[in-house]
Amino acid sequence: MVMIHSGSRGLGHQVASDYIRKMEDKYGFEGLPDRELINAPIQSEMGQDYYKAMCGAVNFAFVNRQMIAHWARNCFKKVFGSSEGMTQVYDVCHNIAKFEKHDIDGEMRKVCIHRKGATRSFGPGREEIPDIYRDIGQPVIIPAAWERHLIY
């Protein structure tokens, strides 16, 4: 098994830094416990611009991991004579915003969720989960360096 833990190679961080600065300039961040909690209304021009820029960085991260996986398969084929069976188990991101449906006060609503430093971990049955995992819930990959942060 090979685990690839890579993202947008700094592009996502740059997008976030640029838009945090723009949002600070427009909205200020007084009263927030952390400046990175600044936000803009998602339907505003700035909110839409940020979302589009973030999506570009996310797409780059997905392509980056696909290329690294391709090269890893090539290495296995060269060294071991085959890369047969080396299929992707799951690809997951963190630090991204996604539109999702959630039950809020008894009403299903489509909301924009931004998970800073976290991935989603939907339980069984969610339509967003690929069919292969829908009965058991979304896989969550935990790199070894993160294990010390878990609460047991």
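**Salt bridges and burial**

Modeller: Start with helix H1 (residues 11-27), where Asp 18 and Arg 21 are three residues apart and so separated by about one helical turn. The model is predicted.

Colleague: What makes Asp 18 and Arg 21 a salt bridge?

Modeller: The N to O distance is 3.6 Å. The cut-off is 4 Å, between a side-chain nitrogen of Lys or Arg and a carboxyl oxygen of Asp or Glu. Arg 21 and Asp 18 therefore qualify.

Colleague: Why are Asp 18 and Arg 21 called partly exposed?

Modeller: Asp 18 has a relative accessible area of 28%. Arg 21 comes out at 44%. Buried is under 20% and exposed is over 50%, so both values fall in between.

Colleague: How do you know that Arg 65 and Asp 91 form a salt bridge?

Modeller: Their side chains meet at 2.6 Å, N to O. That is within 4 Å, so the pair counts.

Colleague: Which parts does the pair of Arg 65 and Asp 91 tie together?

Modeller: Arg 65 is in helix H2 (residues 45-80), and Asp 91 is in the loop between H2 and strand S1 (96-104), so the tied parts are 26 residues apart in sequence. Both Arg 65 and Asp 91 are buried, which means each is under 20% relative accessible area.

Colleague: Why do Arg 134 and Asp 131 count as a salt bridge?

Modeller: The N to O distance is 2.9 Å.

Colleague: Buried, partly exposed or exposed: what are Arg 134 and Asp 131?

Modeller: Arg 134 has a relative accessible area of 25%, so it is partly exposed. Asp 131 has 61%. That is over 50%, so Asp 131 is exposed.

Colleague: Where does Arg 120 lie, and what makes it buried?

Modeller: Arg 120 is in the loop between strand S2 (107-115) and H3. Its relative accessible area is 14%. That is under 20%, so Arg 120 is buried.

Colleague: Which residues are linked with Arg 120 in a network of salt bridges?

Modeller: Glu 100 and Arg 115 are linked with Arg 120 in that network. Neighbours within four places in sequence aside, Arg 120 is in contact with Lys 98, Glu 100, Arg 115, Glu 128, Gln 138 and Val 140.

Notes. Residues are numbered from 1 along each chain as its sequence is written. This is a predicted model: local features need pLDDT of at least 70, side-chain atom pairs count only at pLDDT 80 or more; totals for chains, interfaces and linings use all residues. Side-chain values use heavy atoms; hydrogens and water are left out. Helices (H or I, at least four residues) and strands (E, at least two) are DSSP runs, numbered from the N terminus. Buried means under 20% relative accessible area, exposed over 50%, partly exposed in between (1.4 Å probe, protein chains only). Contact means heavy atoms within 4.5 Å.
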